[in-house]
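Below is a short report on one model.

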Amino acid sequence: MKTDYDVLIVGSGMVGAAIANALDGSDLTIGIIENHTPQMQWPPEHFDIRVSAITRASQRFFENLGVWHGMEQRRVTPYNQMHVWDSTGGHGEIHFDAAEINEPNLGHIIENSVIQSALVERFADFDNIEFICPVNFTRLAFEKDHAWLELDDGKKLAAKLIIGTDGANSRVRQIAGISVKGWQYDHKAVVTVVKTEKSHQNAAWQRFLPTGPLAFLPLENGYSSIVWSTSPSLADQLVAMDVELFKQDLEQAFESKLGTIVEVGQRGAFQLKLQHTTNYTRPRLALAGDAAHAVHPLAGQGVNLGLLDAAALTEVVLEAHQAGQDIGSHQILRRFERWRKGDNLAMLAAMDGFKRLFGNQTAPVQFMRHLGLNMTNRATPLKNFLVKYGMGYKGDLPKACR
Ligand SMILES: Cc1cc2nc3c(=O)[nH]c(=O)nc-3n(C[C@H](O)[C@H](O)[C@H](O)COP(=O)(O)OP(=O)(O)OC[C@H]3O[C@@H](n4cnc5c(N)ncnc54)[C@H](O)[C@@H]3O)c2cc1C
């Protein structure tokens, strides 16, 4: 194992693994450490209960990295339509259709393990990437011209730049003394995979309930991934309850839009929070993905923001390296921070606003919400803008995402 790198990435989740791939082909030496061995294979009938709605911008990034084909070979499901409705105290609804904006689809639903394994698989193709896994680090320190990590076997790894992509509870962020602002939502997301009586028609479906949004996201062979955000106590009950009761509750909550629930897989629940770090960078360190920001999953934007971070950060680092500059200097890293912080904050605020708007059950707000949904549904330019925004055609996109 090498002990001296240009870049050390902590965490090989979707964002960290994408960063390593984006730095391939350069003469930078990359180390990537991970404390959980990623799942690389599974039987075809097994679905990961964690999935992501991947925007067109993220798809372009994966295509440019040469990993999209690996994902398609495993399993990706395009969705062509989206139906969103709110039927408490009246009725409001909005439909999005890829055909209306001349696109082949609105995005893809992909299991997180599909994304991660396709990215990690590629490490073996590159001489400049070393994957160190499973391993934990015990210390992290920053010096003037390098930073170093000590692994649990006592080995010390040094780098010009450390990238923290170790998720929402980032230890890298904590040790670096970067604080976070935010709060826990009164929501946990129950996730599972179900088979429904009727076809999902390759559409993403989302109903807003008084307790939170319930989404059915299309997967292969008539299966759908469920993300049901609700109060923590109800979420715990939904995970623990008898499977037949769960089927009934889910069917009722979804107004039987896809008929009966025929099959239910393993269930899990995740506490949801809004979180944003005060800084993404300090000398010799950059944070990206959930280590820098966490967002409510109601519009499926979290990892898409993280992938834009990955593309922007690697663009800045590669340009600096080509110009012979110090890739770990704060001046360089601040370019990435300035680039991404505003866009991420805008999306965090928008998702928080939606969560509050749809959680408010007072009659005037319900009325305005239904009116707003129905009017937007008829206002083609606004609707087209919204759908394009959701697909990632927004802001100052990094070159690899265009
Ligand atoms: C219910 C739910 C539904 C969601 N749906 C969507 C969606 O549809 N679309 C979307 O864009 N986003 C979605 N998200 C958000 C998305 O899952 C996250 O944004 C994404 O997982 C963040 O990726 P990441 O690589 O930054 O972090 P993580 O996925 O958390 O990965 C962090 C990695 O670091 C490793 N690690 C952690 N600590 C250490 C350590 N000390 N040493 C070494 N390695 C370490 C972990 O093992 C892991 O591999 C959803 C989230 C939830 C909860």
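## Ligand shell

The ligand is surrounded by 32 residues, and the closest are Gly11, Gly13, Gly167, Gly289 and Gly302. A residue belongs here if its C-beta atom, placed from the backbone, lies within 6 Å of the molecule. Helix 1 (14-22), strand 3 (51-54), strand 12 (180-196) and helix 8 (302-322) each give two or more residues to this shell. Helix 8 supplies the largest share, 4 residues. Helices (H or I, at least four residues) and strands (E, at least two) are DSSP runs, numbered from the N terminus.

By class, the shell has 12 nonpolar, 16 polar and 4 charged residues. Ala, Val, Leu, Ile, Met, Phe, Trp, Tyr, Cys and Pro count as nonpolar; Asp, Glu, Lys and Arg count as charged; the others, Gly among them, count as polar.

This is a predicted model: local features need pLDDT of at least 70, side-chain atom pairs count only at pLDDT 80 or more, and totals for chains, interfaces and linings use all residues. Residues are numbered from 1 along each chain as its sequence is written.

Helix 8 has 21 residues. From first C-alpha to last it reaches 31 Å, close to the 30 Å expected at 1.5 Å a residue. That expected span is 1.5 Å times one less than the number of residues. Just after helix 8, Gly324 takes a positive phi of about 75°.

The largest nonpolar core has 109 residues. Such a core is a set of buried Ala, Val, Leu, Ile, Met, Phe, Trp, Tyr and Cys residues joined through C-beta atoms within 7 Å. Val7, Ala18, Ile19, Ala286 and Ala288 have the most contacts inside this core. Its largest share, 11 residues, comes from helix 8.

What does Val7 touch, not counting residues up to four places away in sequence? Its partners are Leu23, Leu28, Ile30, Ala159, Leu161 and Ile163. Contact means that two C-beta atoms, placed from the backbone, lie within 7 Å.

## Helix 2

Helix 2 (residues 56-65) has 8 of its 10 residues buried, so it is largely enclosed by the rest of the structure. Among the buried residues are Arg56, Arg60, Phe61 and Phe62. The cover over the buried residues of helix 2 includes helix 1, strand 3, helix 3 (68-74), strand 7 and helix 8.

## Strand 14 and its partners

All 7 of the 7 residues of strand 14 (residues 212-218) are buried, so this strand is largely enclosed by the rest of the structure. Strand 13 (residues 203-209) runs antiparallel to strand 14, joined by 5 bridges. Two strands pair if DSSP finds at least two bridges between them. A hairpin through 2 residues links strand 13 to strand 14. Gln206 stands opposite Ala215 in strand 14.

Strand 14 also pairs with strand 15 (residues 223-230), again antiparallel, over 5 bridges. Here Leu214 has Trp228 in strand 15 as its bridge partner. This hairpin has 4 residues between its strands, and Asn221 in the turn has a positive phi of about 55°.

## Loops and backbone exceptions

Most residues other than glycine have a negative phi, and most peptide bonds are trans.

| Residue | Phi | Loop |
|---|---|---|
| Asn102 | about 55° | between strand 6 (92-97) and strand 7 (107-111) |
| Ser256 | about 50° | between helix 7 (243-253) and strand 16 (261-264) |

Asn102 has 6 C-beta neighbours inside 10 Å, so it counts as exposed. Ser256 has 14 and therefore counts as partly exposed.

A cis peptide bond joins Cys133 and Pro134, with omega about -5°. Pro134 lies in the loop between strand 8 (129-132) and strand 9 (137-142).

Phe123 sits in the loop between helix 4 (112-121) and strand 8. With 19 C-beta neighbours inside 10 Å, Phe123 counts as partly exposed. Beyond four places in sequence, Phe123 is in contact with Ala20, Ile129 and Phe131.

Key
A residue is buried if 20 or more other C-beta atoms lie within 10 Å of its own, exposed if 12 or fewer, and partly exposed in between; C-beta atoms are placed from the backbone.
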